[in-house]
Amino acid sequence: MIHPNDRCRQFEWTYVSVVYSDTEYGNHGYETLVSLASKYSICFSAPQRIDKERFSREDYDNVIRTIANKTEVRVVVLFAEKVTTLHVMDAARRLGVGTRFVWIGSDAWSTSNHRNFLNPGRRDEPEEVVLEGALAVQPLSRRMSGFDDYFASLTLAHEAVNPWFREFWREFHRCDEKNATEADSEDADYQEQYERDVACSDEARQRIARRTGYKQQKFLHFVRDAVYSAAHALHDMFLDRCGQDYQGMCEAVEHIDGATLSKYLANVSFKGTLVMIIDAKTCAGKTSLFADEAGNKFRFMNGVDGPPRYSILNYQRAEDGSYRWHVVGNYTQSENGSPVLQLDQRVMKYRSEEEGGRRFFPNSTCASPCQASQVKVREKQDPCCWRCRNCGLYQFKLDDHRCEDCEWGTRPTEDKTSCSAIPEEFIDYSSPWAVSAMAVATCGILLTIFVLCVFWLYSETPIIKASGRELSCLLLLGTLASFLMTFAIIARPNTQTCAITRFGIGLCYTLCYSALVTKTNRIHRIFNNATNSPHKPRYTSPRSQLIITGIITFIEVLINGAWLLKAPPSATYAFPTRDTRLRICQGFDDRSYTIGLIYPFILIVVCTVYAVKTRKCPEGFNETRYIAFTNYTTMILWLAFVPLYLASTSNAIRVVTLALSLSLSALVQLACLFFPKVYIVLMKPEKNTKELVMAHHRSSSYLPTPATPVVILNGNPFTFNVSARDNK
């Protein structure tokens, strides 16, 4: 069945009312319309149900009054029989709103067997004036080619094929059913009846033709399809049960039940069937190509209904003032099963318009279509009407009536139909912040390499020996790692770089300050030797010092390892603002990165304590001022950078803060612990002697003894020149 929705969509009528009868036909039709309404973007406002058995004239008036007063629709769908339709038309005429609407009728108008309703040809009937411009449907009516010639060639001889043909023949030619031989011979009308019987039997005089009243029925092709469907079903069943080459009737098809035949009927399909038409008189035959009148393959829909084939009708006023239905299109189904609606809008007319065309028909919309990015907000008075509203800045259109918030890190697309990820941001090597941090780190790396080279070339000089070559190299290694960490911190966050950053920040500090703690502890134990024994204290050899430093550093390795196992490193996203999607390491936006700095902070405190205790040792060994200054500067850097790191919401500032804090701490270590020695080695070589290295600080608390103490550092003996000092 063709749905009025198809016609509404063709004319872009989206605001429609519907009147339907309270019958199985009307209720089912209305339910189907409603179920398909959303598909066609059509809204039915103020639907009216009519009980044709109980409705009075006032009830019909109330139906029209409701539609006219409570809605602004211009199109009304009538899903009802002819009698109900005429009552509705009469009510619209009485209320003076009949010409306001375009009426759309269902196929019940044409299948109710009321010929005058379809093609009345009368003038000035009130219902016809109201109905003018209406649209309706009827089963597709087309002449079946070849049938007129075939049927006109039939004579009484066809009775041999069709035993009912004689009955049709006598009725068509108005022959009396009474046989002449059975009539009373004395009947006055005997002679007249006899002549009519003879005339009916005279094939030369009686023919089936237009002049004798023959006219092909419009829906004859539906009968043809029904006969062909049964024939194809029987043929398919015969082939299935008897076989392709079987002659005659096999036992399997002698008795056929309805359920079995229905199964074969449901699967019937045919197109372009060649049919042999046999002349009953001459027995001559000719073939003709019979096909579906819509030009498509015939098949049952859902195994029950035939394919949809309808003509679209328009009720128009003719020049002579009469009203007639005119075919303006058709509705069929394509080969793939999709509906095809064809309308010739040029021949469609609306209410006494001399010209045809869609532009003369009224529009029936409650609101203008919304843009693709807008949603519809229903009006309270009429749920079919709406106003358009834009979705929020960070919302997308979920459906025609709802907006939904995009997740953090996404923003709506231009058409607002979905959300797309915001391009990720991270401080990379091309960022000005990163360039400045890498520039500082690069300078530090070059300076560290320069100091390493100096220490390597002048490793046998007293001042280098006194500083502890092995621990100094280890300290320089930690300093170099601090500078190199900048490049890992600035790199694009991923599992590897995040693991290196979390593990390396604390390790670099630990490596540097574990060497300083070991160094100051060794000097303290050497020069605080209460026995003044010439034998060196235990665990002061270079190997022992390296082992002690390794043990102290290994504690930080265990802490960081446990931390990584408990919270595996990974890259994640932070959203400081709605338009920002930062790619960071997990934990970079909270205080968890400070876990790796707790142990280095303890080492700094211990190192500071030992630096104070060794403040009065010989001048060449006394690095108290430098170590203390290094520690104080590191603490100041931490006090400046850590709060800035924790309080900042800028990822760039966080990254640069972390990188610069490491680089500046390493630069302070170079400047305080190594640059004075490099200066003496390169610029003041005269001070690079054992005497000056072992000279006491003038406020030294280490008192000389009559013996000449020998201090062995790193396997190299240093002696105090007591006599020279006493002679002064």
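Colleague: Where do I start? How many helices and strands does the chain have?

Modeller: Start with the secondary structure, keeping in mind that this is a predicted model. The chain has 22 helices and 23 strands.

Colleague: What percentage of the residues count as buried?

Modeller: Of the 728 residues, 45% count as buried. Look at contacts too. Take those between residues at least 6 apart in sequence: 69% of them join residues at least 24 apart.

Colleague: Now a single helix. How do I read which side of a helix faces in?

Modeller: An α-helix has 3.6 residues a turn, so residues three or four places apart point the same way. Check its length before its sides.

Colleague: Which residues of α3 are buried?

Modeller: Tyr 60, Asp 61, Val 63, Ile 64, Ile 67 and Ala 68. These cover an arc of only 155° around the axis, so they sit on the same side of α3. Asn 69 and Lys 70 are exposed on the other side.

Colleague: What covers the buried residues of α3?

Modeller: The cover includes the strands β1 (15-21), β3 (48-50), β4 (75-79) and β5 (102-105), along with the helix α4 (82-94).

Colleague: Next, empty space. How is it found?

Modeller: Rolling a probe the size of a water molecule over the atoms shows where empty space is left. Here the count is 4 cavities of 30 Å³ or more.

Colleague: What is the volume of the largest cavity, and which residues line it?

Modeller: Its volume is about 160 Å³. The lining includes Ile 505, Tyr 509, Trp 638, Phe 641, Tyr 645 and Ser 661.

Colleague: How does the lining of the largest cavity divide into nonpolar, polar and charged?

Modeller: There are 9 nonpolar residues, 3 polar and no charged.

Colleague: And what about the second largest cavity? What is its volume?

Modeller: About 120 Å³. It is lined by 16 residues; Ile 489, Ala 491, Pro 493, Cys 585 and Val 655 lie nearest its centre. At least two lining residues come from each of α15 (469-490), α16, β21 (582-585) and α20. This lining divides into 12 nonpolar, 3 polar and 1 charged.

Colleague: Let me zoom in on Tyr 645. Is Tyr 645 buried or exposed?

Modeller: Buried, because its relative accessibility is 6%, under the 20% cut-off. Tyr 645 is found in helix α19. Leave aside neighbours within four places in sequence, and its contacts are Phe 588, Asp 590, Tyr 593, Arg 654 and Thr 657. Val 655 is 10 residues away along the chain, and the two C-alpha atoms are separated by 8.2 Å.

Notes:
Residues numbered from 1 in each chain as written. Predicted model: local features only at pLDDT ≥ 70, side-chain atom pairs only at ≥ 80, totals over all residues. Heavy atoms only, no water. 1 Å grid on protein atoms, 1.4 Å probe; cavity = no way out; pocket = protein on both sides within 12 Å on 5 of 7 lines; lining within 4 Å. Points joined across faces, edges and corners; volume = space filled by probe spheres on them. Nonpolar A, V, L, I, M, F, W, Y, C, P; charged D, E, K, R; others polar. Helix = DSSP H or I, 4+ residues; strand = E, 2+ residues; numbered from the N terminus. Buried < 20%, exposed > 50% of the residue type's maximum accessible area, 1.4 Å probe, protein only. Contact = heavy atoms within 4.5 Å. Arc of directions from axis to C-beta.
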